[in-house]
Amino acid sequence: MASEVKTLVEILEENNPIDLGKYINYVSAPQAGAIATFSGTTRDTFQGKVVVELRYEAYVPMAIRQIKSICSSARSSWNIHSIAVVHRLGSVPVGETSVFIAVSAVHRVDALDACKYAIDELKASVPIWKKEVYANGEVWKENSEFIERRPELSKANGSCCAKKVELKMQATTGCCGSKSKVTEEGASQISTSDKNSE
């Protein structure tokens, strides 16, 4: 009897917390000797700044297609039984989960490796954008996995648009609170920034 191959990909709209148990139950199976999970949560500080929440936006149809493609690639590289990937949109307060991945396999090595691959690829290639909201301002953040991959993609494509976009927080007191400054420089000066969650 052939084992059932299962994949679940979901993007949750705002104000829908992730039910970790739902996804663990989805990948559970008698033939799976291992379940590996990753839970990305909002932490309370980043580089000395107090974090209030993270806010996520996505191009949902493309995000779902890309995550399904990542799941297919994981299946072709590791012997996994089931995989579930869920990402939350909107506001994600401190301590809550924004992304969760569960992978089951006969052996732990396949489950662990596929789970790591899935989160790394999600961060590098899925059109989900994160804004960090601090007690004294906010800034859109690029994932370091995306930034690391971008130079090779722009070289491969012959892209003319490989520019650094840097958001700088400025401590100003005005009617609108903190302001952000956007600067563009040559692609050779791309720098990575630390990330808050995941």
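**Helices against the sheet**

Helix H2 lies across strands E1 and E5 and runs at about 150° to E1. Helix H3 lies across E2, E5 and E7, at about 150° to E7. Axes are lines fitted to C-alpha atoms, for helices over the stretch in contact, and angles run from 0 to 180 degrees between N-to-C directions; contact means heavy atoms within 4.5 Å. Helices (H or I, at least four residues) and strands (E, at least two) are DSSP runs, numbered from the N terminus.

This is a predicted model, in which local features need pLDDT of at least 70 and side-chain atom pairs count only at pLDDT 80 or more, while totals for chains, interfaces and linings use all residues. Residues are numbered from 1 along each chain as its sequence is written, and side-chain values use heavy atoms, with hydrogens and water left out.

**The sheet**

An open sheet is formed by 4 strands in the order E1-E5-E7-E2, with mixed pairing. E1 and E2 stand at the edges with a single partner strand each, so one side of each has no neighbour in the sheet. From one strand to the next the twist averages 5°.

Two strands are taken to pair if DSSP finds at least two bridges between them. E1 and E5 are paired in the parallel sense over 7 bridges, and Leu12 has Arg88 of E5 as its bridge partner. His87 also lies in strand E5 and is buried, at 1% relative accessibility. Buried means under 20% relative accessible area, exposed over 50%, and partly exposed in between (1.4 Å probe, protein chains only). Not counting residues up to four places away in sequence, His87 touches Glu10, Ile11, Leu12, Tyr56, Ser98, Val99, Leu122, Lys123 and Ile128.

**Nonpolar cores**

A nonpolar core is a set of buried Ala, Val, Leu, Ile, Met, Phe, Trp, Tyr and Cys residues joined through side-chain atoms within 4.5 Å. The largest core has 28 residues, of which Ile67, Ile80, Ile83, Val85, Ile101, Val103 and Val126 touch the most other members. Two or more residues each come from E1 (6-12), E2 (34-41), E4 (49-58), H2 (60-77), E5 (80-88), E7 (97-105) and H3 (108-125). H3 supplies the largest share, 6 residues.

Leaving aside neighbours within four places in sequence, Ile67 is in contact with Val9, Ile11, Val85, Leu122 and Val126. Another core, of 9 residues, lies apart from the largest one; Leu12, Ile18, Tyr23 and Val27 are among its members.

**Helix H3**

H3 has 18 residues and reaches 26 Å from its first C-alpha to its last, close to the 26 Å expected at 1.5 Å a residue; the expected span is 1.5 Å times one less than the number of residues. Its buried residues are Asp110, Ala111, Ala114, Cys115, Ala118, Ile119, Glu121, Leu122, Lys123 and Ala124.

**Salt bridges**

The count comes to 6 salt bridges, each defined as a side-chain nitrogen of Lys or Arg within 4 Å of a carboxyl oxygen of Asp or Glu. Within H3, Asp120 and Lys116 are 4 residues apart, or about one helical turn, and form a salt bridge whose closest N and O atoms are 2.5 Å apart. Asp120 is partly exposed at 25% relative accessibility, whereas Lys116 is exposed at 53%.

Arg88 and Glu96 meet at 2.7 Å, N to O; Arg88 is buried at 4% relative accessibility, and Glu96 is partly exposed at 31%. Lys131 and Glu138 meet at 3.1 Å, N to O, with Lys131 buried at 15% and Glu138 partly exposed at 29%. A network of salt bridges links Glu53, Arg55, Lys131 and Glu138.
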